[in-house]
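Dear colleague,

Please find the structure we discussed below. My notes on what was found in it follow directly after.

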Amino acid sequence: MDFGGINPVILIATLMASAVPILLAALGETVVERSGVLNLGVEGMMIIGALGGFVVAVQTGSPVLGFIGGAVAGAALSLIFAALTQVFLANQVATGLALTLFGLGVSSLGGQGYNGIKPPATGQLLPDALADLPVVGPILFGHDWVVYFSIAMTAVLWWVLKATRVGLVIRAVGESHEAAHALGYKVNRIRLMCIAFGGAMAGIGGAYVSLARVPQWVDGITSGAGWIALAIVVFASWRPWRVLLGAWLFGGITVLQLNLQVAGSGIPVEYLSMAPYLITILVLVVMSAGRRGKANGAPAALGQNFHASR
Amino acid sequence: MGGQPPKPPGIFVDRKWGPVVLRLEKRPTPSRFWLYATPPVAVILTMIAGGILFAAMGKNPVEVIRTIFWDPMFGEFAFYLRGQLLVKAGPLILIAIGLALGFRAGIWNIGAEGQYIMGAIFGASVGLAVFPTESRWIFPVMIVAGAFGGWLWAMIPAILKTRFNTNEILVSLMLVYVAETILAKASTGFLKNPEGMGFPGSRNFSGYPAAQNAFLYEPLGLHWGGVAALVTGVLAWVLLTRHQAGFQIRLAGQAPRAARFHGVSPARLVVLCMGISGALAGLAGMFEVTGPAGQISIDFNTGYGFTAIIVAFLGRLNPLGIVLAGFLMALTYVGGEMASTNLGLPDAAIQVFQGMLLFFLLGVDVLTNYRFRLAVGAL
């Protein structure tokens, strides 16, 4: 069942795992953007989560506590963004960039002394009897719990945004903060909570990179995953299931190019490793082309700060 | 809207006493005082917060701050370090001025790092292609090639934005990663020094006088890149304040709708701003590779393209302010290296310090357009 040295079953199983970091971060950012906030600091929150998760997991020996640590670290960093944009009404684009620059610096500073350590492993969730089944085993049952968590979160967020009161409030704030304010909702408080949620999700995603994907601590470990997550939110038109699709497509491309590098396809390694970024650009072009303004599904108040003058 | 009688002056306006809270109130016009006071206040706040950070790392905060901000200018080795200031400030100023033009118009080119790399590769390629010429024309041609390389790289997000409405932030950033792989390919492949005994990296321009960006006046650290940075600062200031295009840029940023009625074409503005910032970043890369860096190597780029974003905001998106901000940021680089060798301060601490500066800038900036009022919470 091999095609040019690449086994499709393994490929699918690996892409589901490799998509987890960007999937979680993109889901979090979807909620943030649905509430009308553009947080470009995803990369910074992810790498802080990667460091926080790694440190907690190594210190406690528990990967689960590590992921919680990653979530807390990501959320804590996102609160800086929340304070600056929601309280001090700073420009969201500039603040997001600052968050990424700051996060990269802090992670590089805090990560010193953690190089070359192996974190406790996040094992397979289900028993081997299921995971060893042919074809469906590796794809459906062979993963660690975070993979299932990421898929479950997709479903939960889809349901919350679509069918619950909380989701309606979040969408109202993101579409028209004036109207939401007039109805008595605390626009900035709701946005602040969405930002913290987005930070926690990005933090878990980052922790998955350092605890499961790599798994060790390297400077700049997320290498642009946060930016790709931002692109996937646009690709997905701000809808959770499409985020899942986009993340898996992207995970597939990444895994495929890595496999091609190993298999020695004759394509120079440099060109293969730039493929994910080029394909992201291509996808962005296809998704944005011909759909201007509101038709692309962007929340109407995206990126605008709200100040309740009355 | 309206209808309410104006509130009487004073703090206690309500008949019922609620908790006293700080309330934000929009100023009728932006405060000129805070426009100029924001950067110094942010720098002081960053020094305080940075001092706390350094103290937490077990360093003497006063000593670290002095090493970073005082010693490069007036310390024991200042005769050498002062020259380093312009070497670092040059590329930062060049890139930041270009970025600021776009930021003013609401066009967010954050891929300057990639344009900087491409400028260096284009400029170096032209020079190395005719190695070892002694023609005096080669350096000017390389300058043009460097600017062209950066311009070309910035045109990709610009054209995609105008044609397909693609987000320029994400595209320009993705292209940084692409440029980094091309840089790796250049230093191990098509620009590799044939006499380099197999080590990665191109020929060194220090052994190639016609194409070298040598110091014009070494004690000040002045090379052609520094000249270009200072000249660009003045030109950009003239453009913004005295020229039609500058007016259009400011108008498009402050009142996009009014700009359209005024006949400003958003597409042309995107191409213009991205093009200028790309060309300037490319120039910076070209001057760097032929001067201070000396050669194309895998780790040639050091993040100037990202730090320049901080410089642009620190200079309040004003070309003359950016020249000052560039020197201040250069101080943190030069002083940071001093602190790293003398006091064992990790390089990453300087990165954190620079990030904090941007946070404080953006936070304090609220005072330009708003003021805080003590008020009794309505109840």
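Of the 310 residues of chain A, 51% count as buried, a residue being buried if 20 or more other C-beta atoms, placed from the backbone, lie within 10 Å of its own. This is a predicted model, in which local features need pLDDT of at least 70 and side-chain atom pairs count only at pLDDT 80 or more, while totals for chains, interfaces and linings use all residues. Residues are numbered from 1 along each chain as its sequence is written, and chains are lettered from A and ligands numbered from 1 in the order in which they are written.

Chain A has 14 helices and 0 strands; helices are DSSP runs of H or I with at least four residues, strands are runs of E with at least two, and both are numbered from the N terminus. The radius of gyration of chain A is 20 Å, close to the 19 Å given by the globule rule for 310 residues, so chain A is as compact as a globular protein of that length. That radius is taken over C-alpha atoms, and the rule is 2.2 Å times the number of residues to the power 0.38. Along the principal axes, the C-alpha atoms of chain A fill a box of roughly 65 × 45 × 40 Å.

Chain B contains 15 helices and 2 strands. Its C-alpha atoms fill a box of roughly 85 × 55 × 35 Å along the principal axes, and 50% of the 379 residues of chain B count as buried.

The contact between the chains takes 39 residues from chain A and 37 from chain B, where two residues are in contact if their C-beta atoms, placed from the backbone, lie within 7 Å. On the side of chain B that touches chain A, α14(B) gives the most, with 11 residues. The residues of that side of chain B divide into 26 nonpolar, 8 polar and 3 charged; Ala, Val, Leu, Ile, Met, Phe, Trp, Tyr, Cys and Pro count as nonpolar, Asp, Glu, Lys and Arg as charged, and the others, Gly among them, as polar.

Within chain B, the axes of α9 (residues 244-254) and α11 (residues 266-290) come within 11 Å and cross at roughly 110°. Axes are lines fitted to C-alpha atoms, for helices over the stretch in contact, with angles from 0 to 180 degrees between N-to-C directions.

Yours sincerely

Notes. Buried ≥ 20, exposed ≤ 12 C-beta atoms within 10 Å, placed from the backbone.
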